[in-house]
Amino acid sequence: MMHNHEYWMAKALQLAQKGLFTTHPNPRVGCVLVKQDELIGQGYHEKAGEGHAEVNALADAKQDVSGATAYVTLEPCSHQGKTPPCADALIKAGVACVVYGLQDPNPEVAGNGLAKLKAAGIEVIGPILEAECNALNPGFNKRMREGLPFVRVKLAMSLDGRTAMESGESQWITGGDARLDVQKWRAQSDAIVTGIGSVLADNPSMTVRIDEQGQEVDAKTVRQPLRVIMDTALSVLPEAKILYPSSQACVFAIEEEVEAEHLETLQQKGVQVKFSSPGDDGRLDLVDAMEQLADMGINEVLLETGAELAGGFLQAGLIDEIIVYMAPKLLGSNARALFQLPLEVMADAVDLQLKSVRQVGQDLRLVYQPVYLDESEDQQE
């Protein structure tokens, strides 16, 4: 009998997508159980601290799973965390074969789950649909492999590449459909990062206001990402909207620049204040700040900020994806640019690879990957 591994792995991938907004800081994982080419059980990881995909699929099984094949988008875990190892659960259930999509990206445990299954006499096949399974968890995978989160920068611009008028006025360049689309990026992020300039100018709340079905809801009813401000001298006002609720707010500053009384006021309100060493330019070391976020379990970061901080992230090689909403408007030659990048000659130009284009209302959504990522991957090989 021919096994259609890609078909069943695609089913497992569809299930994993259901955890897009909810599994943080864990990866999104799906699992289907197949016996005699029929689906007998399915599950996905719904929420951190709760059952993993394999355990949920076993619980869902409508018949005895002994001799079945389990399709899992990520290598079954071999270690005890908040829940028991999934490899043990599959062994105990008596499955005959495990087909996996992606090996565990954590170099300390990669392959251990597969080895445990093989040692128990279970056939192991994979990787199957590896690229798709890898793309499911860009942040978790990068954090495990490199100790950094996956950073997307979201920008809105006019057709002539401008983000705001010379005065700083920027509401609203894009239409309501594009603004709702941004909510989906926020909802799947672990942290939203902005700069103190944007906070002082616009006093944004930076909250998620959609549910898992994409319907607009009260922000208090859905999971909120950590809201992070890059604020060298700790200038954020205690009443700034972005700080509430304070348990979901974090500010990065340079300790030597901070006024002790102001620091104490923010900490008493429950705001996390993290210190980063200054970079060569005397400003926050953005790489250090992102490493600290990774240590906090942050997988995916959405950077929503102005040209200066966006340019700083790009120059530091921290941006993995650029999402640009382009509005059918012209803001004129005096308006502000997309990135603040002090480039002088064409050789210094930053090349981008187009990943997707989609019309959202009257606007275009363009998703790019900076080419320096390809270059660094080539060098590693």
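Colleague: How many of the five residues of strand S8 (residues 191-195) are buried?
Modeller: This is a predicted model, where local features need pLDDT of at least 70, side-chain atom pairs count only at pLDDT 80 or more, and totals for chains, interfaces and linings use all residues. Residues are numbered from 1 along each chain as its sequence is written, and side-chain values use heavy atoms, leaving out hydrogens and water. Strands are DSSP runs of E with at least two residues, helices are runs of H or I with at least four, and both are numbered from the N terminus. Buried means under 20% relative accessible area (1.4 Å probe, protein chains only), and the number of buried residues in S8 is five.

Colleague: Which residue in strand S12 (residues 300-304) is the bridge partner of Val193?
Modeller: Strands pair if DSSP finds at least two bridges between them. S8 and S12 run parallel and are joined by three bridges. In S12, Val193 has as its partner Leu303.

Colleague: What is the angle between helix H2 (residues 53-60) and helix H3 (residues 86-93)?
Modeller: Axes are lines fitted to C-alpha atoms, for helices over the stretch in contact (heavy atoms within 4.5 Å), and angles run from 0 to 180 degrees between N-to-C directions. The axes of H2 and H3 lie 8 Å apart, and the angle is about 25°. That makes H2 roughly parallel to H3, a term for angles under 35 degrees; the value asked for is about 25°.

Key: Buried < 20%, exposed > 50% of the residue type's maximum accessible area, 1.4 Å probe, protein only. Parallel < 35°, antiparallel > 145°, perpendicular 65-115°, else oblique.
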